[in-house]
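Student: I would like to learn how to read cavities, pockets and helix packing. Could we go through them together?

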Amino acid sequence: MYYLMPVVFILGIVAIILEDKIKVNKSATAVMMCIVLWLMLMFNGQDILVERQNAGFMQYAERAEISGLPDKEKITAYLTERAFIPHLGDVSQTLFFVMCTMLIVSTVDKHGGFLAVARFISTNNKRLLLWYLSIASFFFSALLDNLAAAIVLIAILRKLAPHATDRMKYACMIVIAANAGGSWSPVGDVTTLLLWTGGNISAWHQISHLFLPALVNLLLPLIVAHFWLFRKNVKLRENSEIVKEDEYAQHIPVRSRIVIFFIGILSLVMVPLFQAVTHLPAFMCVLIGMVFLWVYTDIMYGKLTEIRDSHKLRISKMLHTVDLATIFFFLGILMSVAALNTGGQLTLFADFLTGHFKEPYAISFIIGAASSLVDNVALVAATMGMYPVVEASAGVTSYLQFFVADGGFWTFLAYCAVTGGSFLIIGSATGVTVMGLEKVSFGYYLKRFTPLALLGYVAGAAVFLAMA
């Protein structure tokens, strides 16, 4: 069973990749994989934990109060008290952050918060629109997260480029730009959020060390796409229409919309500072922002009685806009990785990587490339389990310095794991979402945009290594 658990995990990942072929939603696959792995742990703990001398279990079993219990009771207590519940607590922090972020972004968008951005980037010049969308995606993903930024920009794109063929090109470039922007911000991607909340990397260190590599990761593909995708002075196939206000949002006072916009954006932008000052989990900041939005909009709509059906924009009615399928997907993936971490398989894989790749930067680079096939959330969560953060001290060797908090390994991993997901359209949650929204085929992206993503990835990595 010890070696069967990784097989189940790999089969689950393959089923997620082949979601469209097997017609089974990836969220259902991820949750089922999680359940199976934890059942294997619970019913085969004697083989997985006891006979293989699992380090975590052996340390727990030596406690005086349980040392005299039968092995079966020790296994049950360890898996529930010291494995499942703590891991679920860590995963829940990420899930609450993602849910609250989705709700805040949806609320701001429905109240016309992103309308000014849409009007600013409106143009009929194909090349100019490519730059507008890519740069907006790069910075939006750093402030919000790459998935939310991509969703917002795709909604704007549909107003600016009505023709489906044009939109596919822009949508694919949005994937590359959003992943590049998400790599240099602690809230830019679920993987960077995991590294940040896990104490592997601090917010300012990530921003200061990865902004330039991420910018290069964007600019090189963007410059090539500028000349390759569109001819000079070519206009959009259909005249783009200026984005119109939502039928309800146009009746909301400008002052109220501005307040809603700033509450939403500040609740996301202030997350690093909030955690540094309060030492509370990151999701508490966005939870506070959501509550402020909830209270403010409820009071506002209590006064705006002339707006018909205004209840549709109340947060209590917008909760259904949260993508619960994505939440269940992350739950399944992260708890599946937690099962492999508990079983000790990740330690075995870490030993393999360490034995064959002595250079920590090479390990990060390989993990980043692998994230194009395997979900980067799973990879980063697995890596965090394989390589615990080393306590910084005078006695730490030069090799272990890479693995201290803010060490080179974790910093480079933040870049590689996010941007490596741009190699393939299925390599990141952003890519998968855009793939569904704009019906981008795997082959279309592979032929036209995988070379661009690979160029940006290698160039950005070279810049980071030159700066290190």
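This is a predicted model: local features need pLDDT of at least 70, side-chain atom pairs count only at pLDDT 80 or more; totals for chains, interfaces and linings use all residues.

Student: Which helix gives the most to the lining of the largest cavity?

Tutor: Residues are numbered from 1 along each chain as its sequence is written, and side-chain values use heavy atoms, with hydrogens and water left out. Helices are DSSP runs of H or I with at least four residues, strands are runs of E with at least two, and both are numbered from the N terminus. Here, α6 gives the most, with three residues.

Student: What counts as a cavity or a pocket?

Tutor: On a 1 Å grid over the protein atoms alone, a cavity is a set of points where a 1.4 Å probe fits but cannot get out. A pocket is an open set with protein on both sides within 12 Å along at least five of seven lines, and lining residues have an atom within 4 Å of a point. Points are joined across faces, edges and corners, and a volume is the space filled by probe spheres set on them. In this model, one cavity of 30 Å³ or more is found, and the largest cavity holds about 30 Å³ of space.

Student: Which residues line the largest cavity?

Tutor: Look for Gln93, Thr94, Phe97, Leu193, Thr197, Ala282 and Phe283. At least two lining residues come from each of α6 (71-110) and α11 (190-197). For classes, Ala, Val, Leu, Ile, Met, Phe, Trp, Tyr, Cys and Pro count as nonpolar, Asp, Glu, Lys and Arg as charged, and the others, Gly among them, as polar. This lining has four nonpolar, three polar and no charged residues.

Student: How many residues line the largest pocket, and which are closest to its centre?

Tutor: The largest pocket has a volume of about 820 Å³. It is lined by 40 residues, and Met102, Leu147, Ile151, Asp323 and Thr433 are the closest to its centre. Elements giving two or more residues to this lining include α3 (26-43), α6 and α9 (146-160). By class, the lining divides into 21 nonpolar, 11 polar and eight charged residues.

Student: What is the volume of the second largest pocket?

Tutor: About 710 Å³ of space lies there. Of its 27 lining residues, His87, Asp90, Asn341, Ala381 and Met384 lie nearest the centre. α6 gives the most to this lining as well, with nine residues.

Student: Now helix packing: at what angle do α10 and α12 cross?

Tutor: Axes are lines fitted to C-alpha atoms, for helices over the stretch in contact, and angles run from 0 to 180 degrees between N-to-C directions. The axes of α10 (residues 164-183) and α12 (residues 203-228) come within 7 Å and cross at roughly 165°. That makes the two helices roughly antiparallel, a label for angles over 145 degrees.

Student: Is their crossing left-handed or right-handed?

Tutor: A crossing is left-handed if the near helix is turned anticlockwise from the far one by less than a right angle, and right-handed if clockwise. For α10 and α12 the crossing is right-handed. Contact means heavy atoms within 4.5 Å; the residues that meet include Met173 and Ile176 in α10, and Leu210 and Ala214 in α12.

Student: How do α13 and α15 pack?

Tutor: α13 (residues 254-269) and α15 (residues 283-303) pack at about 165°, with axes 8 Å apart. They are therefore roughly antiparallel to each other, and their crossing is left-handed.

Conventions
Angles under 35 degrees count as roughly parallel, over 145 as roughly antiparallel, 65 to 115 as roughly perpendicular and the rest as oblique.
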